[in-house]
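Subject: Structure for you to look at

Hello,

Here is the structure I said I would pass on. Please open it next to these notes.

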Amino acid sequence: MTNSSIKKTITIDLPVRGTWITPNTPGKKIPSHGTDKYGETYAYDFVGVDVKSKTNKFYNSSVLSYLINGVPLNKCYGWGKEIYAPFDGEIVRAEDGVIERNPVSLKNDIGYMRRITKLFESGAAEYRDLAGNYIIMKKADKIYALFAHLQEKSICVKEGEIVRTGQLIGRVGHSGNSTAPHLHFQLMDNIDHEKSTGIPCSFRNFEEYRNGKWQHIDNGVPSKFRIRKIS
């Protein structure tokens, strides 16, 4: 994303704390998830990693163990991490009750993703089958934020509730169309996923780990580096 396009974005707070990578981000490519459908053009995926490790594994186990047996959710660094409101706004949708797949299994999760995508596109599956447990938050007219794949029973806000920047709203999970516990986050112009168009956003006051050190970024777009929110 160029500097000129960043100036046109909406600047908000990061919705997560701790250390994360963004494997899918408009800082790498647009559309970030390979599609403009469902308001995903400028969407982000936040995946938790171990701050002490030099690898970007999302789990505390060997690669072989993950590939063969899968990894329990409680061994995934991002699972259960807090999600915070990135701006003042109103909760307009809060869907909970979607069971998470445990353990996290590359084979099983990709199989679910392929199966549910076909069912959804044919009209035989609901949006929550893709998004899992999710929240939609309204910032202003035609500005909405989607938080998807949340931990089951972790949503602590309700529809119609007014929330403030930095308020806890839920926790990172592995529900819906997810291949690892992560937060899918996007801004869009409509609450209806079929009608929505993505809105670009940047984040204020965070750091990226570049060239062996943490560097301050303000009003920026995360790219391939590790990031963390500055308190």
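First, the ground rules. This is a predicted model, in which local features need pLDDT of at least 70 and side-chain atom pairs count only at pLDDT 80 or more, while totals for chains, interfaces and linings use all residues. Residues are numbered from 1 along each chain as its sequence is written, and side-chain values use heavy atoms, with hydrogens and water left out.

Strand 10 covers residues 183-188. Strands here are DSSP runs of E with at least two residues, numbered from the N terminus. Six of the six residues in strand 10 are buried (under 20% relative accessible area, with a 1.4 Å probe and protein chains only). In a regular strand, side chains alternate between the two faces of the sheet. In strand 10, Leu183, Phe185 and Leu187 point one way, and His184, Gln186 and Met188 point the other way.

Next, the partners. Two strands pair if DSSP finds at least two bridges between them. Strand 3 (residues 44-48) runs antiparallel to strand 10 and is joined to it by three bridges; Phe46 has Leu183 as its bridge partner. Strand 7 (residues 143-150) is also antiparallel to strand 10, with five bridges, and Ala145 stands opposite Leu187. Strand 11 (residues 198-199) pairs with strand 10 in the antiparallel sense over two bridges, where Leu187 is partnered by Ile199.

Then the rings. The whole structure has twelve aromatic pairs (rings of Phe, Tyr and Trp, the last by its six-membered ring, with centres within 6.5 Å; planes under 30 degrees apart are stacked, over 60 edge-to-face, the rest tilted). The ring centres of Phe185 and Phe203 are 6.2 Å apart and the planes are at 55°, so this pair is tilted. The pair links distant parts of the chain, as Phe185 is in strand 10 and Phe203 in strand 12 (residues 201-203), 18 residues apart. Tyr44, Phe46, Phe147, Phe185 and Phe203 form one aromatic cluster.

Last, the core. A nonpolar core is a set of buried Ala, Val, Leu, Ile, Met, Phe, Trp, Tyr and Cys residues joined through side-chain atoms within 4.5 Å. The largest one has 32 residues, and those touching the most other members include Leu183, Phe185 and Leu187. Strand 7 gives the most to this core, with four residues. Another core, of 14 residues, lies apart from it, with Ile116 and Leu146 among its members.

Regards

Note on methods
Buried < 20%, exposed > 50% of the residue type's maximum accessible area, 1.4 Å probe, protein only.
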